[in-house]
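I opened this model to look up the ligand site and the pocket around it. My entries follow.

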Amino acid sequence: MNDLSTHIRSIPNFPKQGINFKDITTLLKDPGAFRTAVSLFTEHYASTPVDKVVGIESRGFILGAALAHELGAGFVPVRKPGKLPAPTFRQEYKLEYGVDCIEIHKDAIRPGERILIHDDLLATGGTAAATCILVEQMKGSILGLSFLVELSFLKGRDRLKPHNVFSLIQYDAE
Ligand code: AMP
């Protein structure tokens, strides 16, 4: 694992019992680590023409927006219900207990646009898979999905096949 992993803080039992929360704020507050993370993403996609980076609420906005800026792409937020002001498409997805929902502005993506999806962390892949459905419904072309942290043992990557998944930090166990 690269040096960036030393900047991630694990908080046991947050926000509820049994979740080992990976806190990225400790990486973001460090100027060198923040810059390294943005540079590594940018290098990875440097030869890939990207029209828009779609960032997932809310921690996916931070590095997603920085990456969009570096790639010369636009930035599109995917948000929890009721947050976006103009007409939206919505997609429900299953959680361990219950369902959740995400929305995107209907005019955020034009058919054929080349899209990179970004979030801070890949766990089961449910949130990212729902985002893929929204983007494909709008006829965007998904170039790949990028994550700062991947909880590999949850096999989210498999759920996102056949899309390309790229992550900077992987955890093979809790
Ligand atoms: P999933 O849909 O299961 O892949 O969950 C991914 C979303 O939930 C991301 O937006 C993460 O920010 C958040 N998330 C899930 N598990 C964790 C965790 N252990 N630590 C921090 N964030 C998490």
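Which element gives the most to the lining of the largest pocket? I found that β7 does, with four residues. Strands here are DSSP runs (E, at least two residues) and helices likewise (H or I, at least four), numbered from the N terminus.

I note that this is a predicted model, where local features need pLDDT of at least 70, side-chain atom pairs count only at pLDDT 80 or more, and totals for chains, interfaces and linings use all residues. Residues are numbered from 1 along each chain as its sequence is written, and side-chain values use heavy atoms, with hydrogens and water left out.

I looked up the pocket next. A pocket is an open set of points on a 1 Å grid over the protein atoms alone, where a 1.4 Å probe fits, with protein on both sides within 12 Å along at least five of seven lines; lining residues have an atom within 4 Å of a point. The largest pocket is lined by 37 residues, and I19, L95, L121, A123 and T127 lie nearest its centre.

The ligand sits in this largest pocket, meaning that more than half of its atoms lie within 2 Å of the grid points.

The ligand is surrounded by 13 residues, with R59, D119, T124, G125 and T127 the closest.

Last, I checked polar contacts (N or O pairs within 3.5 Å). A ligand oxygen is 2.7 Å from a side-chain N or O atom of D119. A ligand oxygen is also 2.7 Å from a polar backbone atom of G125.

Notes:
A residue is near a molecule or strand if one of its heavy atoms lies within 4 Å of it. A polar contact is a pair of N or O atoms within 3.5 Å; within protein, one must be able to donate a hydrogen and the other to accept it, and residues adjacent in sequence count only if both atoms are side-chain atoms.
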